[in-house]
Amino acid sequence: MASLLPLLWAVTFLCADLTEGITITTEQKSITKAQGDKVTLLCTYTLTPPDEDTVEIEWSLLPPKGEEPVIIYNVGKVYDTYRMVGRVQFAKQNPASGNASIDILNLKTEDDGLYQCKVKKLPSVQTHRVHLIVLEKPMKTKCHVEGSQEIGSDVTLKCKSQEGSPTILYSWKKTTGSQELPATALPDDNTGDLFVKNASQTYSGTYTCLAYNKVGRDGCSVILTITPPIDRAGTIAGAVIGTLLALGLVAFFIFYYYKKRRDTKYEKEVHHDIREDVPPPKSRASTARSYIGSNRSSLGSMSPSNMDGFTKTQYNKVPSEDFERTPSQNQYFDPPKYENACRMGDITVV
């Protein structure tokens with residue numbers, strides 16, 4: 001046991017040398033701030049005896065995977081070209097005077113974490129850690145009414161923030177009239193709903209919702225208007241009548257369309273119809289040749305002595321296709337009737 005005493009005395013003096021001359025006086029352990037704000041991480045200390053030229057200060061972020069420098073002071077110079085470049089600075093111009101606190105500007109959610117302040121004065125080293133929590137304020141809070149706003153109905157006033165870090169709580173208040181929530185109102189601080197049962201006209205007014213968390217708040221308003229019940233029977237009857245009229249109008253247009261289409265089709269069929277029992281008309285040339293040929297055959301049986309009274313004009317009369325027959329005539333011409341006529345064989349001579 002006596003042999004261990006020198007070793008214990010050596011360890012005691014070594015520990016005394018490491019802590020001699022530096023005492024960190026800051027008690028800040030944790031701080032919560034909003035995104036976009038400025039934060040000051042405190043780190044104050046004392047030197048015994050004072051010797052500013054030999055002090056070295058180092059701030060670092062302690063993420064799960066290792067230590068990452070934030071800002072360093074060494075031999076009168078500041079080194080801040082690390083992850084927060086342009087957003088971090090020492091709170092005092094000379095951090096070696098006993099105040100090594102830093103300011104972080106324009107906070108971001110990724111700045112959240114455990115920070116360590118290390119003060120060195122060889123052979124002494126002292127550290128202090130502070131936890132920074134960066135939250136997002138409630139933002140874009142919207143309110144609306146859900147349900148029928150008639151007397152005797154149940155209605156719900158809704159309130160919800162579109163952005164913001166949890167936990168967000170909600171509170172409702174009436175800002176017009178009696179400025180008190182209805183007796184039948186049931187608010188839910190966690191969801192932001194205000195359930196109003198058996199609404200009456202006295203519940204009408206403007207309601208304001210406040211959404212808040214540890215770092216900020218936001219709000220919105222909504223107007224509740226309780227009205228007498230609507231005549232549902234008249235509304236239903238009007239809807240039925242309107243529907244029937246619309247159906248009747250549609251039916252009329254369909255009927256008119258198909259009737260018009262049918263009439264048009266019938267007219268086209270009648271216009272292009274050709275009777276099968278009527279032979280097609282002969283051409284003018286064939287009719288003329290037939291007529292002249294028949295007369296020539298008749299003339300062949302006539303003698304010159306019997307042709308004195310036969311006029312040539314009859315051979316020049318060629319029937320045309322525009323020739324119209326009277327109803328009493330058929331397609332065969334009746335023999336002409338003359339007062340002084342006689343037959344010579346198969347030919348009638350005037």
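Two strands pair if DSSP finds at least two bridges between them. Strands are DSSP runs (E, at least two residues), numbered from the N terminus. The model is predicted: local features need pLDDT of at least 70, side-chain atom pairs count only at pLDDT 80 or more, and totals for chains, interfaces and linings use all residues. Residues are numbered from 1 along each chain as its sequence is written, and side-chain values use heavy atoms, with hydrogens and water left out.

**View 1. An open sheet of three strands.** The strand order is β3-β9-β8, and the pairing is antiparallel. β3 (39-41) and β8 (88-90) each have a single partner strand, so one side of each edge strand is left without a neighbour in the sheet. From one strand to the next, the twist averages 25 degrees (axes are lines fitted to C-alpha atoms; angles run from 0 to 180 degrees between N-to-C directions).

**View 2. Q89 in strand β8.** β8 pairs with β9 (residues 102-104) over three bridges, in the antiparallel sense. Q89 has D103 of β9 as its bridge partner. Q89 is partly exposed, at 38% relative accessibility; buried means under 20%, exposed over 50%, partly exposed in between (1.4 Å probe, protein chains only). Leaving aside neighbours within four places in sequence, Q89 contacts I71, I102 and D103. Contact means heavy atoms within 4.5 Å.

Terms used:
Helix = DSSP H or I, 4+ residues; strand = E, 2+ residues; numbered from the N terminus.
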